[in-house]
Structure formats: structure tokens, C-alpha cells
Amino acid sequence: MTSSTTPGIARFNALAESAATAALHEACASSAWGSRLLSQRPYATAEDLFAASDAAMAELTADDLAEAMAGHPPIGRPKPGDPTSSREQRGMAGASEELKAEMLELNLAYQEKFGHVFLICATGRTGEQMRDAVKERIGNSPEQEREIVRAELGKINRIRLTRLLEEEETA
């Protein structure tokens, strides 16, 4: 273990494969992404883990991306009992009923066009910012949108991996 290895990354490296698989699945529902990250353990630093995440994300197929997106609830409708999606979508929590209704309508239109939920790195965004993003992105081609979704998933994965490493330090 080098001096740059943090306690969080050391704990992640030491997890049993089943526990590491479960932790990675919490971060991203793509089994291809999780398998790639598992296969490269141990990581010297969190940055190495993030780089592996980014590389794995870049290689996901359309089916892999669909699997990853299936793990994300629509914006404005976090899964009951899911603290992760509730925390990430906090910007919608205080939204007006009018904005929530508009977001539902936009989510449905987006899903009808692209065949999957509207996915955005919602952390730190307001309900209005998310609404504006879906309005802008609904005009994209499926190919453009797939690459935007890939980038947004990459941002979400980095946030979730950071939280995983931080949580492990206090565990």
C-alpha cells in the first residue's frame, strides 16, 4: 500500500468479490461496467478507480447503457426507500406541483422518443434546471442523446464512487 492510498480505497480493494460487486451495482446498474472495475482491483488511488470507471463507461454498448439507465428512476420520482435517488434528485423535492407535473409530462415525452428515462446528473441542480435540460435534449438525435447519457452516467458514477469510498472510511 502506497502512502497515497486512502483508507476508503484500501477498504474497497479488500472487499470480498460479492460485496464489491454489490457496492459497484449500487453505483451503476451496468454489469459490464462493474465487472470491468472489479477485474482491475486493486486500485492505488481513488483517481485510478475514477479513470477505470471513465474507461469502462466509454466502452459500454447500447445494451450496457440501457442496463445502466434501468437502475435510475425518472427525475421527480425517486424510488420509495431509495436514499441515493432521493438525495441526487433533491432539486425536485421542493418544486411546485406545476413544475412536477410539467416534468412528468416531459419525462414521458422523452421516454417515448428515446425508449429510456431522461438521465441527468441531478446532483446540485434545481428542478427548473432539470426541466430546461430535458426540454433542450428532447430535440437531439438518438445518437447524440446516447453520448450525452454516457457522459451524464459517468458523472453520476464518479459521485457515487466518491460516496462509496467516503462511507467506507466511516464504516
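Which helices each supply at least two residues of the lining of the largest cavity? Helix 6, residues 83-88, and helix 10 do. One caution before the details: this is a predicted model.

Let's stay with the cavity. The structure holds one cavity of 30 Å³ or more. The space inside the largest cavity is about 110 Å³. Its lining is made up of 14 residues. Nearest the centre are H72, I75, E88, Q89 and I120.

Take H72 from that list. H72 sits in the loop between helix 5 and helix 6. Is H72 buried or exposed? H72 is buried, and its relative accessible area is 9%. What does H72 touch, once residues up to four places away in sequence are set aside? The answer is V117, L119, L153, I156 and R160.

Now the nonpolar core. As a general point, nonpolar side chains in soluble globular proteins tend to be buried together. Here, the largest nonpolar core has 43 residues. Which residues have the most contacts inside it? They are W33, L37 and L161.

Look at W33 in detail. Leave out its neighbours within four places in sequence. W33 is then in contact with L24, A27 and C28, with S53, A56, M57 and L60, and with N157 and L161.

Helix 2 covers residues 17-27, and A20, A23, L24 and A27 are buried in it. Why do these four fall on the same side of helix 2? Because they cover an arc of only 95 degrees around the axis. The face turned away from that buried side carries the exposed residues S18 and E26.

Next, charges. Side chains of opposite charge can pair when their charged atoms come close. With a cut-off of 4 Å between nitrogen and oxygen, the count is 10 salt bridges.

First up, E102 and R131. They form a salt bridge, and their closest N and O atoms are 3.6 Å apart. E102 lies in helix 8, residues 97-114, and R131 lies in helix 9, residues 127-137, so the pair ties together parts that are 29 residues apart in sequence. R131 is buried at 18% relative accessible area. E102 is partly exposed, at 25%.

R131 has another partner. Its side chain also meets D132 in a salt bridge, at 3.1 Å from N to O. D132 is partly exposed, with 38% relative accessibility.

Then K155 and E152. Their side chains meet in a salt bridge at 2.9 Å, N to O. Where are they? Both are in helix 10, residues 142-170, and being three residues apart, they are separated by about one helical turn. The general rule is that an α-helix has 3.6 residues a turn, so residues three or four places apart point the same way. K155 is partly exposed, with a relative accessible area of 38%. E152 counts as buried, at 7% relative accessibility.

Methods:
Residues are numbered from 1 along each chain as its sequence is written. This is a predicted model: local features need pLDDT of at least 70, side-chain atom pairs count only at pLDDT 80 or more; totals for chains, interfaces and linings use all residues. Side-chain values use heavy atoms; hydrogens and water are left out. Buried means under 20% relative accessible area, exposed over 50%, partly exposed in between (1.4 Å probe, protein chains only). The arc is that of the directions from the helix axis to the C-beta atoms. A nonpolar core is a set of buried Ala, Val, Leu, Ile, Met, Phe, Trp, Tyr and Cys residues joined through side-chain atoms within 4.5 Å. Contact means heavy atoms within 4.5 Å. On a 1 Å grid over the protein atoms alone, a cavity is a set of points where a 1.4 Å probe fits but cannot get out, and a pocket is an open set with protein on both sides within 12 Å along at least five of seven lines; lining residues have an atom within 4 Å of a point. Grid points are joined across faces, edges and corners, and a volume is the space filled by probe spheres set on the points.
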